[in-house]
Amino acid sequence: MFLDNRQVAMDSVLEALADSIDYFQDNIERLRPSLRDALKPHYAARLKQMRQLQDLARAHLKMLPRDADVERDDFLWLWSRLKSFVGNDSQVLINELLEQERVLMQALSSLYTHPLPDPIEPVVEECMQGCRKLIRELYALQKRKPTANAL
């Protein structure tokens, strides 16, 4: 079955949301506790939003769930680990999380160029606001210097 442009845009958003959540969960142990505690609520909200959008896309856009791209996830994790050897691990992770947000914002912007069913629009808006909040949080965390006992 071929997807129309609106379904492709929604699929891109769902993929970006899933990638973002997966990346955070795969790397959560690499974050120092203060960063982990600051970011967990954002990703818990994102997981809820992703599940809502999946259900709404299935009901209103006739979309079926898709599997994640495992090879891409493995590559991103390995690439991040390699960069951590030459830089601060937490800073590398924050930069990678910011890149995930950039990809998600692009996908959300693309989705907004298509007419959306009324029940989907508020959840997409909530995702956009959550993305903006997380970006602000990541920039704030990026500016903070770790204390000696936090390393």
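The request concerns helix H2, residues 33-60.

Analyst: Here is the helix in its setting. This is a predicted model, in which local features need pLDDT of at least 70, side-chain atom pairs count only at pLDDT 80 or more, and totals for chains, interfaces and linings use all residues. Residues are numbered from 1 along each chain as its sequence is written, and side-chain values use heavy atoms, with hydrogens and water left out.

First, the chain. It holds 5 helices and 0 strands, in the order α-α-α-α-α. Helices (H or I, at least four residues) and strands (E, at least two) are DSSP runs, numbered from the N terminus. Of the 151 residues, 40% are buried; buried means under 20% relative accessible area, exposed over 50%, and partly exposed in between, with a 1.4 Å probe and protein chains only. Contacts are heavy atoms within 4.5 Å. Among contacts between residues at least 6 apart in sequence, 81% join residues at least 24 apart.

Now the length of H2. Its 28 residues should span 40 Å at 1.5 Å a residue, and its end C-alpha atoms are 40 Å apart, which agrees. The expected span is 1.5 Å times one less than the number of residues.

H2 is bent, though. The bend is about 35° at Leu-39, and Pro-41 follows within four residues. That angle lies between axes fitted to the seven residues ending there and the seven starting there.

Next, the buried positions. In H2 these are Leu-35, Arg-36, Leu-39, Tyr-43, Arg-46, Gln-49, Met-50, Leu-53, Leu-56 and Ala-57. An α-helix has 3.6 residues a turn, so residues three or four places apart point the same way.

Arg-36 is buried yet has no salt bridge, a term for a side-chain nitrogen of Lys or Arg within 4 Å of a carboxyl oxygen of Asp or Glu. The nearest side chain of opposite charge is Glu-29, 4.3 Å away. Lys and Arg count as positive and Asp and Glu as negative; His and the chain ends are not counted. Leaving aside residues up to four places away in sequence, Arg-36 touches Ile-28, Glu-29 and Leu-31.

Finally, the stretch after the helix. Just after H2, Lys-62 takes a positive phi of about 55°, although Lys-62 is not a glycine. Lys-62 sits in the loop between H2 and helix H3 (70-84). Lys-62 is exposed, with a relative accessible area of 57%.
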